[in-house]
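Welcome! Here is a short briefing for anyone meeting this structure today.

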Amino acid sequence: MSKVQLYVYDLSNGLAKQLSRQLTGRQIDGIWHTSIVVFGKEVFYGQGICITKPGMSHHGKPLQIIDMGETALDEETFNEYLEEMREHYTADKYHLLDFNCNSFTNDCIGFLTGGSIPAWIKDLPSDFLSTPFGAALRPTIDAMFRRPVSGAATPAAPQLPAPETLNAAASASPNPALASALLQAVASQAYSTGSLSAPTSMPTVNPDSSTVAGPIHMCTNPSSLRSLLQSHRAAVVLFTSPTCPPCRMIEPVFEDLAHQKTHGMGSGRVAFVKVDMAVGMGSQVAGEWGVRVTPTFLFFLDGKKVEEMKGANAAELRSQVDLLLYQAFPPHPHTKLFLPAVEALSTNPILFTQVPALDTVSTKLASFIDGAPSSPELQTAKQALTSAIVPLLKTRFPEKGSAAETAKKPAFPTPAPLLNSWAATTRTIAKALPPSQLFPLVDMWRLAVLDDAVANWLATSASAATDPLQLFLDKALAVLDSADPSQKSSARNFLLTLLRTLANGFAHTALGKTLLSRSAPGGKRAQVTRVVVAALLHDDAAVRTAAASLAFNVAAALQRSRIEKLRGVTAGSVPMEVEEDEEWEVELVSAVLEALGNETQSEEVVHRLTAALAFLLRLSPFYESQLKGLLEVLQSREALKSKLAKGGCGENGVQKPEVRKLVQEVADKLCS
């Protein structure tokens with residue numbers, strides 16, 4: 001038995017971990033390259049299959065070494081396998097996202113041990129492409145690794161992408177300036193060399209080799225295929241051979257289907273697999289499934305074969321793929337409902353953009369500071385606010401009717417140093433003042449959050465120690481959790497302005513994703529949820545209205561994410577992809593229904609809560625399994641319809657026709 005190890009390298013040398021959140025809005029810890037180490041040698045795929053002594057490749061020292069078990073195969077058998085694979089893993093087939101070093105090591109691990117490489121390595125391309133920046137960059141990457149079709153002339157170097165293409169990709173990043181610089185460098189390299197690694201010469205292209213133009217898994221042994229079937233809900237497997245003319249006819253259709261049906265689906269859902277019966281143990285894979293002719297397509301659902309198709313019938317292949325995906329992912333029952341009132345609702349966030357008299361706000365905060373025990377730090381913070389922050393806010397957000405209002409509003413200059421300083425000032429003041437006196441300070445941040453630079457800084461750069469939103473959330477939770485009613489009453493203005501600030505955070509994709517993210521660093525889903533759930537039941541109508549607005553923004557972001565996925569939008573093109581979570585959504589639905597049942601004063605609150613409930617329920621993946629039963633237990637239909645009756649909301653119930661229609665529709669069609 002020989003030991004098998006996986007060497008893991010970070011091709012970005014730590015830059016991905018430092019910059020990924022700024023560029024993509026998501027934390028990506030590395031750009032993973034892997035090698036297989038067995039029989040005293042390190043084997044990897046790049047410019048073809050390469051072999052070196054362990055740790056002596058040009059990648060340097062591995063970041064991590066993972067023990068993959070042992071193999072019962074001998075070195076000679078493995079060498080024979082590699083020789084066969086050399087015809088398959090050629091330099092011209094390499095693709096940074098679709099067919100790379102990790103594809104090769106996964107194949108080798110399957111051959112040697114029957115296992116597979118870790119999901120966090122395999123899923124990296126999907127994670128990257130599930131960001132707007134990744135999706136926008138995809139065409140540029142594809143151009144760098146464009147492969148020939150059989151019999152075609154050797155392709156020319158990729159053309160420099162048009163400026164509008166680069167601008168679109170950069171604008172998809174939360175940090176357009178940094179993204180634009182990276183894209184210009186990537187595009188320049190692609191134009192001059194056709195390779196990210198800028199080799200001294202272009203790899204030799206074999207015009208007769210088959211292409212790998214889509215996200216297709218290549219399997220050369222039974223273990224690799226079994227691993228894929230276990231890790232994917234649905235799979236389509238093509239058995240082919242190099243001497244099969246019908247195979248060459250149908251493969252472009254297969255590759256096109258792979259592009260169409262996997263983009264936007266997420267990892268672990270659909271796999272398109274190609275088995276070349278002349279490569280590696282391909283013939284053994286075919287024998288295991290009884291395949292004797294090519295092309296043959298096998299269709300799998302939950303690891304079990306459900307259909308088989310022989311021949312190069314493109315129309316039948318498309319039909320069989322559509323049928324398999326329908327069985328694996330049946331359409332949501334809500335897609336058949338006629339919901340005109342719900343569909344008429346805008347999913348744009350509710351924002352609080354009113355500009356107060358900033359001098360008055362500043363004077364009020366200064367009076368609170370003057371009444372607190374004095375310290376040099378507090379006086380310095382006060383001076384910084386009055387001399388730097390307030391004048392800047394007045395320039396960025398001029399009062400209505402002023403001459404400056406019609407001028408172009410500048411972004412915050414040099415945002416990072418300025419915002420770091422303001423965050424430190426905020427922490428000093430918040431430490432000295434009780435929550436009841438912080439509302440003028442929070443109101444300044446409410447305005448600032450509407451600025452692109454501020455929102456991006458809060459989403460990507462603010463640490464837990466400097467993040468003002470985290471500071472305010474912690475103080476709000478302390479107030480709401482207090483058993484003393486007087487604390488909640490005295491902190492009314494603080495809670496109101498904080499809820500409005502959080503609602504304004506949804507004006508920006510990056511900050512909205514941070515507010516709804518449940519993962520570190522920076523994710524605030526749990527805290528935001530606790531604040532909105534408690535505030536929905538506050539005694540003050542204005543606080544309840546702000547809480548209902550925030551609940552609507554959360555639900556609207558969730559609804560937009562679901563609709564885009566339903567439309568089959570390419571992975572990463574969803575502006576704000578929200579991670580679904582059963583317990584979280586049950587908690588939100590329960591809180592909204594309780595607030596609706598208690599609301600007898602404000603029709604505006606009823607309107608926003610009903611709209612939020614509609615968005616939480618519609619297209620929810622947990623509707624049948626959890627929410628439907630919950631709605632029945634909580635008597636949601638009756639609770640909604642009570643708002644239409646006398647005394648249910650005001651003296652005569654809900655009066656506005658559009659609100660009445662919405663309440664009726666949600667009660668009858670989503671809560672029944």
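**Helix α15**

Helix α15 covers residues 376-396, and its 21 residues reach 29 Å from the first C-alpha to the last, close to the 30 Å expected at 1.5 Å a residue; the expected span is 1.5 Å times one less than the number of residues. Helices (H or I, at least four residues) and strands (E, at least two) are DSSP runs, numbered from the N terminus.

This is a predicted model, where local features need pLDDT of at least 70, side-chain atom pairs count only at pLDDT 80 or more, and totals for chains, interfaces and linings use all residues. Residues are numbered from 1 along each chain as its sequence is written, and side-chain values use heavy atoms, leaving out hydrogens and water.

- A kink of about 40 degrees is centred on leucine 385 in α15; the bend at a residue is the angle between axes fitted to the seven residues ending there and the seven starting there.
- Leu385 is also among the buried residues of α15, which include Leu378 and Arg396 (buried means under 20% relative accessible area, exposed over 50%, partly exposed in between, with a 1.4 Å probe and protein chains only).

**The five-stranded sheet**

- Five strands form an open, mixed sheet in the order β6-β8-β7-β9-β10; two strands pair if DSSP finds at least two bridges between them.
- Its edge strands, β6 (216-218) and β10 (304-310), each pair on one side only.
- Three bridges join β6 to β8 (residues 270-276) in the parallel sense, and isoleucine 216 stands opposite phenylalanine 272 in β8.

**Strand β1**

- Seven of the nine residues of β1 (residues 2-10) are buried.
- β1 runs antiparallel to β5 (residues 64-71), joined by six bridges, with tyrosine 7 partnering isoleucine 65.
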